[in-house]
Amino acid sequence: MERIPPTRLSRLLTGWSKDGTGALPALLAAALRELAERGDVAPGTVLPSQRALAAALGVSRSTVTAAYGLLEAGGQLESRRGSGSRLRGSGAVGRPVTEGRLASFGTRDGVIDLSSGALDGLPSVAAAADALSAADLTTALTGDGYLPYGLPELREAIAGYHRSAGLPTSADQILVTAGSQQAVWLITQGLVEPGDTVVVEDPTYRGALEALRARGARLVPLPADGPHGAAALARLTGHVRPRLVYLQPSLHNPTGRAADEAARRAWAAVLTDQGLYTVEDNAYAELALHHDAAPAPLAGLLPPAATATVGTLSKLFWGGLRIGWIRASTPVVRRLADIKKSIDLSCPVVDQLLAVTLLRQLPEARARRRARLRERLAETERLLRDQDTGWRWLRPDGGSALWVELPGADAEATAQLARRAGVLIVPGPAFSAVDGFRHHVRLPFADRDGALARALPVLVDCAERSRAAH
């Protein structure tokens with residue numbers, strides 16, 4: 001079980017005693033409860049001893065004892081003699097469970113939510129729905145609708161998408177999934193056993209970190225910089241044999257950077273030489289800011305039997321269109337499809353029919369997204385400069401968010417203070433396997449309702465308060 005150091009927990013709890021009126025134990029219990037429910041502290045984490053946390057927070061031990069007692073009474077804490085107090089995410093039976101990355105969705109009213117970079121839908125989705133003919137549906141209705149591998153026409157269309165990018169692919173190498181998150185989850189379930197070593201970039205997509213941690217993988221981080229990361233991987237394999245390597249070379253979340261040709265070839269050389277299985281997550285590949293098409297997949301430089309590529313239409317077209325996929329060898333596709341059957345006999349067939357049409361409209365969709373994202377990025381950079389924040393960032397190659405450094409400020413403390421002021425934002429350590437990037441936050445820039453402009457004064461103030469406190 002993971003144990004959280006009292007110093008880190010105290011950073012996460014910054015401002016807790018000023019969060020409202022009432023007795024200190026109740027305020028502390030409420031703050032700890034929120035950390036668990038939102039996944040800032042993973043369910044199952046063992047909290048510091050009462051004495052250690054009291055010292056870190058500068059309160060009496062009786063305050064912490066009473067707070068732990070309130071949590072235990074509410075089902076959010078489980079105490080075992082000799083094992084410490086284990087925090088639970090779900091609480092008592094009947095309480096809602098919202099944890100980790102999924103807590104970004106469906107948040108409460110009155111909150112400015114910058115915790116997700118999800119985009120609004122493109123009009124082409126509605127146009128494709130209007131164009132869906134009765135004949136298309138009638139043909140689909142001749143079958144039972146249970147298609148665990150995916151609609152045959154869609155599997156072939158996705159295979160064609162990869163072939164057009166220079167990657168030979170047949171339809172039987174495609175497994176259609178309910179978005180890229182399900183694809184990543186299926187890979188962790190089918191290809192990783194508890195205790196396996198998995199190499200990830202640092203930082204990396206937090207949904208992948210959550211899936212791998214839940215599977216019990218041992219995560220080894222490497223720099224998210226192609227040449228340096230590849231060199232580090234070569235050194236690592238002299239000591240340990242990873243089960244797989246998870247990369248985002250086409251467009252990286254959260255940094256928004258794309259690996260250049262030299263970096264891609266450096267990764268490919270080490271991965272091929274060492275015979276390592278590679279998971280290439282290209283979920284954000286279609287959100288490039290400066291290219292008419294997604295870059296050629298890294299899989300084209302790797303042995304076909306040792307790669308799985310993740311893709312999706314949800315990022316480009318609309319999050320409500322839950323269509324993603326895995327491209328892999330046919331034995332791996334069969335293995336993952338068997339797992340998928342246990343939870344999901346078929347992705348919605350109507351959505352898959354729409355996806356066939358939308359795949360033919362990729363050039364227009366890319367151009368529309370690219371124009372909008374470039375416009376919003378320029379507006380956001382002007383806003384940050386006008387506010388004279390002193391924050392630092394590199395202009396991304398794509399995506400919908402900036403990876404921003406807050407010099408001198410603790411990102412987790414900033415995020416907690418902002419949350420209590422009605423602004424949700426994700427701190428850098430959430431994207432790290434080793435609690436790194438303590439001065440970074442991910443800042444979505446593609447909103448259309450001015451949310452960032454309204455939230456920025458709050459964030460600047462919270463960063464300053466964090467800097468002063470730490």
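Asp435 is placed in the loop that runs between β13 (426-427) and β14 (440-444), where helices (H or I, at least four residues) and strands (E, at least two) are DSSP runs numbered from the N terminus. This is a predicted model, in which local features need pLDDT of at least 70 and side-chain atom pairs count only at pLDDT 80 or more, while totals for chains, interfaces and linings use all residues. Residues are numbered from 1 along each chain as its sequence is written, and side-chain values use heavy atoms, with hydrogens and water left out.

Phe437 also lies in the loop between β13 and β14. Asp435 has a positive phi near 60 degrees although it is not glycine, and Phe437, likewise not glycine, has a positive phi near 55 degrees. Most residues other than glycine have a negative phi, and most peptide bonds are trans.

The relative accessible areas below use these classes: buried is under 20%, exposed is over 50%, and partly exposed is in between (1.4 Å probe, protein chains only).

| Residue | Relative accessibility | Class |
|---|---|---|
| Asp435 | 24% | partly exposed |
| Phe437 | 26% | partly exposed |
| Cys347 | 2% | buried |
| Cys462 | 1% | buried |

A search of the whole structure finds zero disulfides, a disulfide being a pair of cysteine sulfur atoms within 2.5 Å.

The bond from Asp202 to Pro203 is cis, with omega near 5 degrees, and Pro203 sits in the loop between β5 (197-202) and α9 (206-215). Asn253 and Pro254 are joined by a cis peptide bond with omega about 25 degrees, and Pro254 is found in the loop between β7 (244-247) and α11 (261-274).
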